[in-house]
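Please keep the sequence and the three-dimensional view at hand while reading.

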Amino acid sequence: MAAGGAVVEEVGMHVVVVGAGLAGGRAVEELRAAGHTGEVTLLGAEPHSPYERPPLSKDVLLGRAEVASATLFDDAWYAEAQVDLRVATEAVGVDLARGVVELVDGSRLAYDRLLLATGCEPVRLAVAEAGRASGSLPVPVTHLRTVEDAMAIRSLWSGGADGRRLLVVGGGWIGLEVAAAARESGMEVTLVHRGAQPLGRVLGPEMGQLFAAVHREHGVDLRLGATLEELTAGAAGRAAARLSDGSSVDVDAVVVGVGVRPRTRLAEAAGLATDDGVLVDATLRTGDPHVWAAGDLACHEHPVLRRRVRVDHWDAAQEQGRHAARAMLGDPAPYTRLPYFYTDQYDLGMEYVGFVGREGYDDVVVEGDVPGRVLTARYVTEGTVVAALQINDWDAMDGLRETVGRPLRR
């Protein structure tokens, strides 16, 4: 690095970003903000310029905002910033030895630095896909990942929701946020989740119980410890959903939210190391010195948490996109920001910082008004706070963030 912290780059360096989501959009923004004057090309498989996904399951889904509000920049920005944005353009191969990205139309694009930001895709549920693929189901079956998905789900209640029932499969963030939006819009909702509590793997049973209670209070028919076994055509233009608990529910639409998986196919085919994402070091660089990965795709060595972490949330996507841009220009600083995410469901808002991981935690310390749902919680492993959250206690997050990675103090 030069004096004063300025980054140093190769003259005329061409940076190619594969993936025009939030990470890719923030990366090209940061490249120009950091003073990069070489070529910048942003490739996106979707027919849209970069946009933020959180509004899709919140205000856009509720009809309080339109899709345009989630867009990062208008078309004029890309022209002014001299970013070659190519939407509806899929990269199908990367030749690391030659420094070339191969596009679906057969053309090839040379790069000096490459950022992979291809994100995640929804996990498909075989029992739901079978009916949809056959065309035998009289009701829509969808996921929530793209603009088109959000508009399709919103259309379920935009014309009136009286007497109509939505089946949500999965009690993670997407499933719960869709259920909340559907209930606020007047639809009846049955939510099926294989775990004992929603969000159990992320927040543990203590907070999972709280979210379950909130949804039940708002009229969601929660079927916990159950799975969808069969989805067939039912009576009166509805679908019959048979559950593992032996019951059956007639529904007018199905939203599947059973998780996502990183889109690693491009990286794997190129020979880059992958394991629940593309493996990158603390600076977000892959094993190839000219290639970085950021956002949902990146499984990186976190120097504070001292473990590999992959986070598929809004904050990580935008902040890693920015960090990768600086790294490609020569900044050697590691990415140290703690994972952060938030949710809004009914009158409940939550922020979470840190990372528990698959191993779980030893204890959770809850403080505040639990019945009134104004509280904080700190997750502890071997005496160290590894994660913390606040629910409806909006002044608490800065203090909670400082406790993560430190010994628990009561």
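In which segment is His14 found? His14 is found in the segment before β1. The model discussed here is a predicted one. In this model His14 is buried, its relative accessible area being 8%. Leaving aside residues up to four places away in sequence, His14 touches Glu39, Val40 and Thr41, and also Leu109, Ala110, Tyr111, Asp112 and Arg113.

**The five-stranded sheet**

An open sheet is formed by 5 strands in the order β3-β2-β1-β7-β19, with parallel pairing. Its edge strands are β3 (83-86) and β19 (291-293), each of which pairs on one side only. From one strand to the next, the twist averages 15°. Strand β1 (residues 15-18) and strand β2 (residues 40-43) run parallel and are joined by 4 bridges. Within this pairing, Val16 has Thr41 in β2 as its bridge partner.

Two helices can be described together with this sheet. Helix α1 (residues 22-33) packs on the sheet and touches β1, β2, β3 and β7 (113-116). The direction of helix α1 makes about 170° with that of β2. Helix α9 (residues 314-328) lies across β1, β7 and β19, and runs at about 165° to β7.

**The three-stranded sheet**

Another open sheet has 3 strands in the order β4-β5-β6, and here the pairing is antiparallel. The edge strands are β4 (91-95) and β6 (108-110), each pairing on one side only. The twist averages 25° from one strand to the next. Between β4 and strand β5 (residues 100-103), which run antiparallel, there are 4 bridges. Asp95 stands opposite Val100 in β5.

**Strand β11 and its neighbours**

Is strand β11 (residues 188-193) largely enclosed or open? Of its 6 residues, 5 are buried, so strand β11 is largely enclosed by the rest of the structure. Strand β11 has bridges to β10 and to β12. The following table sets out these pairings.

| Strands joined | Bridges | Direction |
|---|---|---|
| β10 (residues 165-169) and β11 | 5 bridges | parallel |
| β11 and β12 (residues 221-224) | 4 bridges | parallel |

On the β12 side, Thr190 has Asp221 as its bridge partner. From β11 the chain continues through helix α7 (residues 200-217) to β12, in a β-α-β crossover that is right-handed.

**Aromatic pairs**

A pair of aromatic rings can be described by how far apart the ring centres are and by the angle between the planes. Counting pairs whose ring centres lie within 6.5 Å, the model holds 9 aromatic pairs. The ring centres of Phe341 and Tyr352 are 4.6 Å apart and their planes lie at 20°, so this pair is stacked. Phe341 belongs to strand β22 (residues 340-345) and Tyr352 to strand β23 (residues 348-354), and the two residues are 11 residues apart. Both Phe341 and Tyr352 are buried.

The rings of Tyr361 and Tyr379 have centres 4.9 Å apart and planes at 80°, so the pair is edge-to-face. This pair links distant parts of the chain, 18 residues apart: Tyr361 is in the loop between β23 and β24 (363-369), and Tyr379 is in strand β25 (residues 374-381). Tyr379 counts as buried because its relative accessibility is 0%.

**Thr403**

Where is the place of Thr403? Thr403 is in helix α10 (residues 397-403). Thr403 counts as partly exposed because its relative accessibility is 22%. Not counting residues up to four places away in sequence, Thr403 touches Arg378 and Val385. Thr403 and Asp363 are 40 residues apart in sequence, and their C-alpha atoms are 15 Å apart in space.

How values were computed
Residues are numbered from 1 along each chain as its sequence is written. This is a predicted model: local features need pLDDT of at least 70, side-chain atom pairs count only at pLDDT 80 or more; totals for chains, interfaces and linings use all residues. Side-chain values use heavy atoms; hydrogens and water are left out. Rings of Phe, Tyr and Trp (its six-membered ring) pair if their centres lie within 6.5 Å; planes under 30 degrees apart count as stacked, over 60 as edge-to-face and the rest as tilted. Buried means under 20% relative accessible area, exposed over 50%, partly exposed in between (1.4 Å probe, protein chains only). Two strands pair if DSSP finds at least two bridges between them. A crossover is right-handed if, with the strands pointing away from the viewer, the path from the first strand over the helix to the second runs clockwise. Axes are lines fitted to C-alpha atoms, for helices over the stretch in contact, and angles run from 0 to 180 degrees between N-to-C directions. Contact means heavy atoms within 4.5 Å.
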